[in-house]
Amino acid sequence: GFLFLFYNSQLYPSSNLLGFTLLFGDGRIINDYSETKVYVYSMSDSQINDYISTYEPYDNAGAYGIQGLFGRYVERIDGDYNNVVGLPVSKIMQYIS
């Protein structure tokens, strides 16, 4: 479970995909998505077990909260931070504006 996930996340970036559909009053429909890759520093067995013991992984999609305790292990992201924590607001606003 979690051990495999965290070991794997050190080898490969996590790809966070979020699809959305916008329905407009004039009948237009827009389907799009946002992708953000999260790169993680190497974590020791002790660090992984300590993080799992916080129960934060159980309350987050993908088993980590970049905005929470796991943030200390994030090396970098490629893409929209807001996509990782919830909704790619800036991309959606481009369609609405």
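The legends below walk through several views of one predicted protein model.

**View 1. The whole chain, from one end to the other.** This is a predicted model with residues numbered from 1 along each chain as its sequence is written, and side-chain values use heavy atoms, leaving out hydrogens and water. Local features need pLDDT of at least 70 and side-chain atom pairs count only at pLDDT 80 or more, while totals for chains, interfaces and linings use all residues. You can find 4 helices and 3 strands here, where helices (H or I, at least four residues) and strands (E, at least two) are DSSP runs numbered from the N terminus. Of the 97 residues, 33% are buried; buried means under 20% relative accessible area, exposed over 50%, and partly exposed in between (1.4 Å probe, protein chains only). The accessible surface is about 6,200 Å², with 54% of it belonging to carbon and sulfur atoms. Such areas come from the Shrake-Rupley method with a 1.4 Å probe, and for residues only the protein chains shown count as cover.

**View 2. The largest nonpolar core.** In soluble globular proteins, nonpolar side chains tend to be buried together. Here the largest nonpolar core has 12 residues, including Val38, Ile52, Phe70 and Val84. A nonpolar core is a set of buried Ala, Val, Leu, Ile, Met, Phe, Trp, Tyr and Cys residues joined through side-chain atoms within 4.5 Å. Two elements, β2 (29-40) and α2 (45-52), each give two or more residues to this core. Helix α2 gives the most, with 3 residues.

**View 3. Tyr73 and its neighbours.** Tyr73 is one of the residues of the largest core. Leaving aside residues up to four places away in sequence, Tyr73 touches Tyr39, Val40, Tyr41, Met43 and Gln47. A contact means heavy atoms within 4.5 Å. Across the protein, among contacts between residues at least 6 apart in sequence, 59% join residues at least 24 apart.

View 4. Asp32 forms a salt bridge with Lys91, and their closest N and O atoms are 3.6 Å apart. Asp32 lies in strand β2 and Lys91 in helix α4, so this pair ties together parts that are 59 residues apart in sequence. Asp32 counts as buried because its relative accessibility is 18%, whereas Lys91, at 28%, counts as partly exposed. The rule used here asks for a side-chain nitrogen of Lys or Arg within 4 Å of a carboxyl oxygen of Asp or Glu, and by this rule the count comes to 3 salt bridges.

**View 5. Two further salt bridges.** Arg28 pairs with Asp26, with the closest N and O atoms 3.0 Å apart. Arg28 is partly exposed at 42% relative accessibility, while Asp26 is exposed, with a relative accessible area of 58%. Look next for Arg76 and Asp78, whose side chains meet in a salt bridge (3.7 Å, N to O). Arg76 is partly exposed, at 37% relative accessibility, and Asp78 is partly exposed, at 37%.

View 6. Leu87, Val89, Met93 and Ile96 make a nonpolar surface patch of about 340 Å². Patches are made of residues with over 30% relative accessible area and no salt bridge, with like charges joined within 9 Å and nonpolar side chains (Val, Leu, Ile, Met, Phe, Trp, Tyr) within 5 Å. Val89 lies in helix α4 (residues 89-96). Because its relative accessibility is 42%, Val89 counts as partly exposed.
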